[in-house]
Amino acid sequence: QYNFGEQSVTLQNLLAGVKTQIDQIFSIFNLMLYFVIFISTIGIAIIMIMNVTERRREIGLLRSQGTSRNQILSMLLIEACFMGIIGFLVGLTSGLLLLKSVTSSTTVTGFWLPYIVPWFAIAQALVLALIASFTGAIYPALKASRMSLKMSVATVKLDGKSA
């Protein structure tokens, strides 16, 4: 007569609902993460394009001294990967400090969370940082490696400086 069975929630139903909500929240965080990685890839590409433009004389000088196109390409790609590693290290230290502060502040409020370093997520972040920096540097590095030697030397002479 009271239909308690239709209005009651079992523990499994409650846990399934909580898990669904948590999965939705984390999918939003993952979407934001991929958006940030995309933006950082574009930022690295812009930085590398400016880097190649400003170092046109140096690249021309290296090419005139016998540096191959592949060496110029690998030099710029390795430089971009170092930028990715430095960004990863800055993000890692700030992320671990933030994690420590969150776990200790929740302990003060009475809700204990363990401080667990997520090694798998750290490895994923390193791989994503290297992929993003490498992807962002491919176009500028190819542009620099295909730069003609005449164009680089002409830029030096037009600036009023001799080679």
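One definition before we start: contact means heavy atoms within 4.5 Å. On that basis, residues 24 or more positions apart account for 76% of the contacts in the protein with a separation of 6 or more.

Now the ground rules. This is a predicted model, where local features need pLDDT of at least 70, side-chain atom pairs count only at pLDDT 80 or more, and totals for chains, interfaces and linings use all residues. Residues are numbered from 1 along each chain as its sequence is written, and side-chain values use heavy atoms, with hydrogens and water left out.

Confidence next. pLDDT is the predictor's confidence in each residue, from 0 to 100. The protein's mean is 86, and 87% of its residues reach 70 or more. Where pLDDT is low, the predicted coordinates should not be read in detail.

The fold: six helices, zero strands. Helices (H or I, at least four residues) and strands (E, at least two) are DSSP runs, numbered from the N terminus.

What share of the 163 residues is buried? The figure is 21%. Buried means under 20% relative accessible area, with a 1.4 Å probe and protein chains only.

Now the largest nonpolar core. A nonpolar core is a set of buried Ala, Val, Leu, Ile, Met, Phe, Trp, Tyr and Cys residues joined through side-chain atoms within 4.5 Å. This one has twelve residues, including Ile-44, Met-48, Leu-76 and Ala-141. α4 gives the largest share, four residues. Ile-59 is also a member. Beyond its neighbours within four places in sequence, Ile-59 is in contact with Val-52, Ile-72, Ala-144 and Met-147.

On to α2 and α5. Their axes come within 8 Å and cross at roughly 35 degrees. Axes are lines fitted to C-alpha atoms, for helices over the stretch in contact, and angles run from 0 to 180 degrees between N-to-C directions. Among the residues making the contact are Ile-37, Ile-44 and Val-52 of α2, and Leu-128, Ser-133 and Pro-140 of α5.

Last stop, Ser-133. Where is Ser-133 found? In helix α5. Why do we call Ser-133 buried? Because its relative accessible area is 0%. Leaving aside neighbours within four places in sequence, Ser-133 is in contact with Ile-44, Ala-80, Cys-81 and Gly-84.

Conventions. Buried means under 20% relative accessible area, exposed over 50%, partly exposed in between (1.4 Å probe, protein chains only).
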